[in-house]
Amino acid sequence: MSEPISVITTHVNSDFDAIASMLAAQKLYPEAKVVFPGSSEKNSRDFFVNSMVYLFNMGSVKAIDFSCINRLILVDTRHPLRIGPFVDILDKKDLDIHIYDHHPFAENDIIGHYEKCRITGATVTILTEIIKERQIELSEEEATILCLGLYEDTGSFNFLSTTPEDMMIGAYLLEKGANLDVVSSMLSREITPQQVGLLNDMIHSFECHHINGIDIMITVVSTEEYVGDLAMVVQKLMKMENSNALFVLARMGSRIYMIGRSKISEVDVGAIIRTFGGGGHSTAASASIKEQALAQVKRKLIETLYLKVHSRQASALMSSPAYTIPPNTPIIKAKELLHKYNINALLVTQDCDDHEKVLGIISRQVIDKALFHQLDIIPVSEYMSSEPEYVSPDADLATIQERWIGNKQRLLPVIDQNQLLGVITRTDLFNVMIRHTSIIPDQSPENWDSSNVRTRKVNHHIKERLSDRLQYLLKDIGDVAEEMACNVYVVGGFVRDLLLQRKNEDIDIVVEGDGIAFAKKYASHAKARIHPHEKFGTAVVIFSDGFKIDVATARTEHYASPAALPTVEKSSIKLDLYRRDFTINTLVIHLNADRFGTLIDFFGAYQDIKDKVVRVLHNLSLVEDPTRVFRAIRFEQRFGFHIGKLTDHLIKNAVQMKFIKQLGGRRVFSEIRQILQEDDPLPAIKRMNEYEILQMVGNIQYNHKMVNRFASIKKVLAWHELLFIDDPYVKWAVYFMALIHDAHLEVIEKVCDHLDLSQHYRQMFCKDNHTAMHLLRSLENSKTTLKNSELYHCVKYFKTEVLLYMMASAKKDVVVRMLSNYHSQLKRMKPLITGKELKQMGLPPGPLYSQILEAVLNARMDNMIENREDEIKFVKSYIVDHDLLN
């Protein structure tokens, strides 16, 4: 009869923790055989079998005589359906079962004669504690393997399931010589083409289910062949999508694999997956399911989620009573109340019959800035965040998060049937979410830290949407940054337009460090020249073909008064972004080699782009720089976005407080010019009128006539572009003439003075346009049609912009045809003969040449002559008729 044997085994599809735990168990049971119950994750087994098999007293499941097993040591599992063929010997009377596991106990789990089971981040922690207690020696290789299992199952101590004991064992294993380089390389193993395909399928089949107030992601994939290391693929997906809770259903052949991952206590994936015969703990679990259809498993999963997922409610989180102030409270008084109660924000409320109506929220940061700008006695209603979101007392945590993140409020009122019950403060929410990964953005720079950042990789966007040259330039910039040991980012509109799939080759680079020094280094590297601006820490890198890259030092700005130009200081990328106009322009992409293609989002800009909304970064943004009013309108119309509620209120406030009138004329002109350069500027002009800005610029009246003129200009400009002629023009100037069309000359002159226009444009708008409109009226009132030559001499001195505006303003088709004929034909017509031929005819050089050639040109325009021979005959006749040779 064979000798009795002891067997150490674990669950099928074993991971590093399972295998490390088997090695640890072997240290406790040196006589036992280590046997895999079935398949292990391919990368894990290859590593151990090929590299460190000598450490294990290995046995094959096929070579083991199951009738001789008298002791079964189970590690990292106690579920009978997860131990493969060993389930068949569980009923042996003389079988001694020892269990070491870190998963919570579940119904139908195996009951051992000896158990060491408790909740830790990894099973290897439990076994290593015993090894340490018994002072059993570990080699450096053994310590490395145990450490590998510990790091994998705790997510390098980042998973919520990590315990203090795990950390202590990690320190112990490092003392024993564990090699973290090996651990790191194994945990960051490369993904295979098959796994890439599977990951892509998972991303495209993503579904978000809002279950009992929690967003849970479910993805379902199917493949005929088994793809190994599924847990690693799921972990990558979890990081990419930044999900709080994720379930993957993967059909491979005839079997369905379910893997769950969770970062939040409300979703216990272990408890959920145990209902499918699987196992795991609250943050990570898996199951292998046979003889069921994918749709059936998915339906059962969703039903189980509704039964087992629960969320906390607002009534349990709120602080009560809320501190409130009436809307007419002066800013200075609000500041006193903040100090008195040691709080950072106040609700602005108004008594309405039997309840207190919440009007808005005003924060310490906004109050401090308002006081800095000497707005002490202005009521808080002018700068509060109006129409704040609120929740009902039974709102769940996910709803609270959504309202908070979407509106970036410092306080979230809790209201029931018009009654203000309390508020949820940032502290209230952080106390609950301290173990969660969802981010509650704080818009004040003093409270920023790395946890306030959302990141995602956009390398695929860069590759698909940028030219080869731009891709090379960005990577080259990153390489130079590595050499100089500084961080560089591409920022602003370039990043925004990359996400919006709009062409934009205006590259703006921000350097955390010395921007000018970086620009000099890069220009030398790229064989380009540089134009620095020492005062602002900026530079322009100019390539041989004229292509330019703007480089700036990360900086912050302070405004001494409303509408003043800023004072600039060096800063970090975070503070640099905070000085920008709107959230959609605050996205940056890291260019350093190790993080190349990482999109960084501090202010929820990515979501604002998805929601198509234009938002300011803080409530005094338009006080500090009122030109942002124009830009908000321009971006709204260019991208088909809408201006957010708070930003809309702040624009109206800036107009009411006449901050725009405090701007210098050149700054206003610059913004108007950019609006008029848009493909279709009329919607933006309409919005300016709605905000009563046009009247502030120059008493410009918006009416149906202006609408018609803008529409006509758009058609004329489109016609001009189709001519493909070399006749450049300034588009904004044509539209500007439509803006001032109805104004008297003296008003137009005042507008030009206010906007500080150059003499060139004063001439165009005041004199040339006035003359052109007088001529146009004459042409349309004339009962006879001018000859081509007569029209030519009437309009030849007008600039292209004035001529195009004449065409757009013309009401009669015959006049439009005349002007278009001049613009497309007559304007470029010249005589075929020159002074050389006139000299050969015996005419002495002098003013006479101009007279004769002009007569030839007139004849050509009026279709009296067609070719060079006709011109020579015409000149000879002209000489005789005018007796020019005598």
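Axes are lines fitted to C-alpha atoms, for helices over the stretch in contact, and angles run from 0 to 180 degrees between N-to-C directions. The structure described here is a predicted model, in which local features need pLDDT of at least 70, side-chain atom pairs count only at pLDDT 80 or more, and totals for chains, interfaces and linings use all residues. Residues are numbered from 1 along each chain as its sequence is written, and side-chain values use heavy atoms, with hydrogens and water left out.

## Helix α36 and its surroundings

Helices (H or I, at least four residues) and strands (E, at least two) are DSSP runs, numbered from the N terminus. Helix α36 comprises 15 residues, 847–861, and its first and last C-alpha atoms are 22 Å apart. That reach is close to the 21 Å expected at 1.5 Å a residue, where the expected span is 1.5 Å times one less than the number of residues.

The axes of α32 and α36 come within 7 Å and cross at roughly 120°. The helix α32 is therefore oblique to α36; angles under 35 degrees count as roughly parallel, over 145 as roughly antiparallel, 65 to 115 as roughly perpendicular and the rest as oblique. On the α32 side, the contact (heavy atoms within 4.5 Å) is made by Asn788, Ser789, Tyr792 and His793. Glu854, Leu857, Asn858 and Met861 make it on the α36 side.

Buried residues are those under 20% relative accessible area, exposed ones are over 50%, and partly exposed ones lie in between (1.4 Å probe, protein chains only). Among the buried residues of α36 are Leu848, Tyr849, Ile852 and Leu857. The buried residues of this helix pack against α32 (788–795), α35 (835–840) and α37 (868–881). Just after α36, Asn863 takes a positive phi of about 65°.

## Helices α23 and α25

Helix α23 (residues 627–639) packs with helix α25 (residues 665–676) at an angle of about 5°, and their axes are 9 Å apart. These two helices are therefore roughly parallel to each other. From α23, Thr627, Phe630, Arg631 and Arg634 meet residues of α25 including Arg667, Val668, Glu671 and Ile672.

Phe630 lies in helix α23 and is buried, with a relative accessible area of 0%. Leaving aside neighbours within four places in sequence, Phe630 has contacts that include Ile660, Leu663, Met688, Ile693 and Val697. Phe630 and Ile685 are 55 residues apart in sequence and 9.8 Å apart in space, C-alpha to C-alpha.

Two strands pair if DSSP finds at least two bridges between them. Eight strands form an open sheet of mixed pairing, in the order β19-β28-β27-β20-β21-β24-β23-β22. Its edges are β19 (454–457) and β22, each with a single partner strand, so one side of each is left without a neighbour in the sheet. Direction ignored, neighbouring strands of this sheet are turned by 25° against each other on average.

A further open sheet has six strands in the order β7-β8-β9-β10-β12-β11, again with mixed pairing. Here β7 (207–211) and β11 (279–280) stand at the edges, each with a single partner strand, so one side of each lacks a neighbour in the sheet.

| Strand pair | Bridges | Bridge partners |
|---|---|---|
| β11 and β12 (284–290) | two | Gly279 and Ser286 |
| β20 (487–491) and β27 (588–590) | three | Val491 and Val588 |
| β22 (529–533) and β23 (538–542) | five | Arg529 and Ile542 |

Four residues separate β22 from β23 in a hairpin, and Gly537 in the turn has a positive phi of about 70°.

Helix α17 (residues 468–484) lies across β20, β21 (507–512) and β24 (548–553), running at about 155° to β20. Helix α18 (residues 493–500) touches β20, β21, β27 and β28 (598–601), and its direction makes about 60° with that of β20. Helix α7 (residues 193–204) lies across β8 (214–223) and β9 (245–252), at about 135° to β8. Helix α10 (residues 294–308) touches β7, β8, β9, β10 (255–262) and β12, its direction making about 165° with that of β8.

## Thr125 and the cysteines

Thr125, in helix α3 (residues 123–133), is buried, with a relative accessible area of 0%. Beyond its neighbours within four places in sequence, Thr125 is in contact with Thr120, Leu150, Glu165, Asp166 and Ile169.

Counting a disulfide as a pair of cysteine sulfur atoms within 2.5 Å, the model has zero disulfides. Cys68 counts as buried at 10% relative accessibility, whereas Cys352 counts as partly exposed at 22%.
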